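Please look over the sequence and the structure shown below before reading on.

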Amino acid sequence: MRGTMTPMTPMNRILILDDEASIGASLSFALEDQYEVSVFTEPHRALEEIRQELFHICLLDLKIGNVDGIDVLKQIKEIQPGIEVIIITAFGTIESSVKALQNGAFTYITKPINIDELIVNIERAFHYKQLNSQVEYLSKELEKKYRYEELIGKSDSMQRIYGLIDKVKDVSSTVLITGESGTGKELVARAIHYSGKRAKEPFEVLNCAAIPEQLLESELFGYEKGAFTGASGSRQGRFEVAQGGTIFLDEIGEMSPPLQAKLLRVLQKREISRLGSNRTIALDVRVITATNRDLLKAVRENSFREDLYFRINVIHLHLPPLRERTEDIPMLTKFLVEKFCQEQGTCPKRFSRAAEARLMSYSYPGNIRELGNIIESSLVMAMGDIIEIHDLPASLKDSGPVAHDGELPSLKPFVGMTLQQLQDLFIQETLETMDGHRRKTAEVLGISERNLRYRLNTPDKTEQP
């Protein structure tokens, strides 16, 4: 019996390199029904083939005439690092086989070759490759998700943020990120971590406002058994868990004064002690904090320690509100629409020009988080592939360009459009606001219905009263 074999697919390609043609032929005969097999007796020809074609497993004789198989192994790995090499060896060269494993071989089998044993090892090698591929894929996806280049925006303010992230990603200085709620402070903290030298280490997030004060200390620093009622065992705190990596303390401005003092000591001494323990634990953790509060005002009001403020504010990144970078809204909208459509399994949709204009003119007190909610809601409400004004939430349906402090609404979002484009957009916006009623639209625009029909470039239709 040959045992259970991996079904043949175009991906399962095996190269056999053995100077004994009879062994190569026998192995090929045993495997060719299940795998795509190529047999070689000369190392230079096999290496040339590996340079030209992709192989997933190589069966390599440890002694190929006068050529050392370990040297060939090293060359194979240089050409195709992902190939798994199974060494074929005689009983007398087990020590060399171990050396081959140290140089990247997957495993070894001994002569005379047991086909069942060989197939088991081949299947193990394919399974190992599959797991490695999955890990590599997930790692790349994670890196891609949080890499700072993936932050959305091309405005000058965002370009400055990208530049700062690039400068601080590989240093260990504490960083303070400020900005209104919903501006993406945690995303920036993740970008700093995952684009820097600590990317492979833990990233711990703790919201200081979300945990009761009496629990926050134990959450940060951990505790020993019996440290307090209910402490039935020891537990690591977030600082310990984040060793080698980064801890992100969100809403740092909400931390109580007693805990501020303890956090200050941790930042000064770079060590912690669990609750109920006298043993100190040295820390190698980068600290990033964030707040939507005015910490300097809190310092003046004596609700935040001045010494802690200067300790966490070594590097300061301020995120602008969305209303100050409206030129980024189209990019953010496109990204979020694609994201939500993919998550919901729906067909791609887009906003009409009038709905887009309404998005551009809104003030977004909730910033990017609110924009995301608006887009998700609009995608659900839209019946077709085009999201119209009537699909938007009520807060946007009834809003026009936003004026601030009695000033005229800003036209900055429309800079870059031609006059013709702006005229068409304004006409469409007015038409939708008038529920498609052309007579009322023409009256609002101060033009005739005939002129309106001409500008809309549509056939004349009988207007409903």
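The sections below take up a pair of helices, some backbone details and the aromatic rings.

## Basis of the report

The model is predicted, so local features need pLDDT of at least 70 and side-chain atom pairs count only at pLDDT 80 or more, while totals for chains, interfaces and linings use all residues. Residues are numbered from 1 along each chain as its sequence is written, and side-chain values use heavy atoms, with hydrogens and water left out.

## Helices H18 and H19

Helix H18 spans residues 438-445 and helix H19 spans residues 449-456, and their axes come within 9 Å and cross at roughly 100°. Helices here are DSSP runs of H or I with at least four residues, strands are runs of E with at least two, and both are numbered from the N terminus. The axes are lines fitted to C-alpha atoms, for helices over the stretch in contact, with angles running from 0 to 180 degrees between N-to-C directions. H18 and H19 are therefore roughly perpendicular to each other, a term that covers angles of 65 to 115 degrees. On the H18 side the contact (heavy atoms within 4.5 Å) involves Arg438, Arg439, Thr441, Ala442 and Leu445, which meet Glu449, Leu452, Arg453 and Leu456 in H19. The residues of this contact divide into 4 nonpolar, 1 polar and 4 charged, where Ala, Val, Leu, Ile, Met, Phe, Trp, Tyr, Cys and Pro count as nonpolar, Asp, Glu, Lys and Arg as charged, and the others, Gly among them, as polar.

Within H19, Leu452, Arg453 and Leu456 are buried; buried means under 20% relative accessible area, exposed over 50% and partly exposed in between, with a 1.4 Å probe and protein chains only. These three residues cover an arc of only 100° around the axis, which puts them on the same side of H19; the arc is that of the directions from the helix axis to the C-beta atoms. What covers the buried residues of H19 includes H18 and helix H17 (419-433), whereas the face turned away from the buried side carries the exposed residues Arg450 and Tyr454.

## Backbone details in loops

Lys111 and Pro112 are joined by a cis peptide bond with an omega of about -5°, and Pro112 lies in the loop between strand E7 (107-110) and helix H5 (115-146).

Asn302, a residue other than glycine, has a positive phi near 65° and sits in the loop between helix H11 (295-300) and helix H12 (306-312). Tyr364 is likewise not a glycine and has a positive phi of about 55°, in the loop between helix H14 (353-361) and helix H15 (367-381). Asn302 counts as exposed at 69% relative accessibility, whereas Tyr364 is buried, with a relative accessible area of 0%.

## Aromatic pairs

The structure holds 8 aromatic pairs, in which rings of Phe, Tyr and Trp (its six-membered ring) have centres within 6.5 Å, with planes under 30 degrees apart counted as stacked, over 60 as edge-to-face and the rest as tilted. Among them is the stacked pair of Phe203 and Phe248, at 6.5 Å centre to centre and 15° between the planes. Phe203 lies in strand E9 (residues 203-207) and Phe248 in strand E12 (residues 246-250), so the pair ties together parts that are 45 residues apart in sequence. Phe203 counts as buried at 11% relative accessibility, and Phe248 is buried at 0% relative accessible area.

The rings of Tyr223 and Phe228 have their centres 4.9 Å apart and their planes at 65°, so this pair is edge-to-face. Tyr223 counts as buried at 15% relative accessibility, while Phe228 is partly exposed, with a relative accessible area of 34%. Ring pairs also link Tyr194, Phe203 and Phe248 into a cluster.

Note on methods:
Angles under 35 degrees count as roughly parallel, over 145 as roughly antiparallel, 65 to 115 as roughly perpendicular and the rest as oblique.
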